[in-house]
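Hello,

I am passing on a structure that is new to you, with some notes on what turned up in it. Please have a look at it first and then read on.

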Amino acid sequence: MFKSILVPIDLADTDHLAKPAISVAATLVNTWKSTVRLLYVLPMTSATLAEYVPTDFDAQQRQTSEEALAIVARESGIEPSRISIVVRQGGIYHEILEEAAAIRADLIAMTSHRPAMRTYLLGSNASHVVRYAKCSVLVVRH
């Protein structure tokens, strides 16, 4: 049923915001013989910050993120032939939706904070993904 699973994660808090979704994906991989793509979205460097950081700042951030994501993939319990990683840069929910389309994901499995008043009023990345994804979305609550 789910052949291609996208798991967007936040490297800033892998214990709470990555492992629950990765655990669900690992179970689905074993059930459906799926592949998993771990995705981390780097925020864009603001123009005001850009003048104060080295010219290769974005490249350094990408490399550090790829290394951290590779560690998460190795520790996921998913066999290496069934898991891949990618780092994209831009708006979080936009890049999640773009990557899902690029890999033709059947499922996006992502972790979300418990809702609070501010997320009801302003929306969240998870709610945007749920609303606009062209595939199924599984939100694992933290």
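Glutamate 95 and arginine 88 form a salt bridge, with their closest N and O atoms 2.6 Å apart; the term stands for a side-chain nitrogen of Lys or Arg within 4 Å of a carboxyl oxygen of Asp or Glu. Before I go on, please note that this is a predicted model, in which local features need pLDDT of at least 70 and side-chain atom pairs count only at pLDDT 80 or more, while totals for chains, interfaces and linings use all residues. Residues are numbered from 1 along each chain as its sequence is written, and side-chain values use heavy atoms, with hydrogens and water left out.

How many salt bridges does the structure hold? There are three. Glutamate 99 also meets arginine 88 in a salt bridge, at 2.6 Å from N to O. Since glutamate 99 lies in helix α5 and arginine 88 in strand β3, this pair ties together parts that are eleven residues apart in sequence. Here helices (H or I, at least four residues) and strands (E, at least two) are DSSP runs, numbered from the N terminus. Glutamate 99 has a salt bridge with arginine 37 as well, at 2.5 Å from N to O. That pair links distant parts of the chain, as arginine 37 is in strand β2, 62 residues from glutamate 99. Together, Arg37, Arg88, Glu95 and Glu99 are linked in a network of salt bridges.

Glutamate 99 counts as buried because its relative accessibility is 4%, and glutamate 95 counts as buried at 10%. Arginine 37, at 21%, counts as partly exposed.

Glutamate 95 is in helix α5. Leaving aside neighbours within four places in sequence, glutamate 95 is in contact (heavy atoms within 4.5 Å) with Leu39, Val41, Arg88, Gln89 and Gly90.

Now to the sheet. It is an open sheet of five strands in the order β3-β2-β1-β4-β5, with parallel pairing; two strands pair if DSSP finds at least two bridges between them. β3 and β5 stand at the edges with a single partner strand each, so one side of each has no neighbour in the sheet. β2 and β3 pair in the parallel sense over seven bridges, and leucine 38 stands opposite isoleucine 85 in β3. Helix α5 packs on the sheet, where α5 touches β1, β2, β3 and β4, and its direction makes about 150 degrees with that of β2. For such angles, axes are lines fitted to C-alpha atoms, for helices over the stretch in contact, and the values run from 0 to 180 degrees between N-to-C directions.

Last, the nonpolar cores, which are sets of buried Ala, Val, Leu, Ile, Met, Phe, Trp, Tyr and Cys residues joined through side-chain atoms within 4.5 Å. The largest has 23 residues, and Ile5, Val7, Ile9, Ile22, Val36 and Leu38 have the most contacts inside it. Among the elements that give two or more residues to this core are β1 (4–8), β2 (35–42) and α4 (57–74), while α2 gives the most, with six residues. A second, separate core of 14 residues includes Leu6, Leu39, Ile96 and Val129.

Enjoy exploring it!

Technical notes. Buried means under 20% relative accessible area, exposed over 50%, partly exposed in between (1.4 Å probe, protein chains only).
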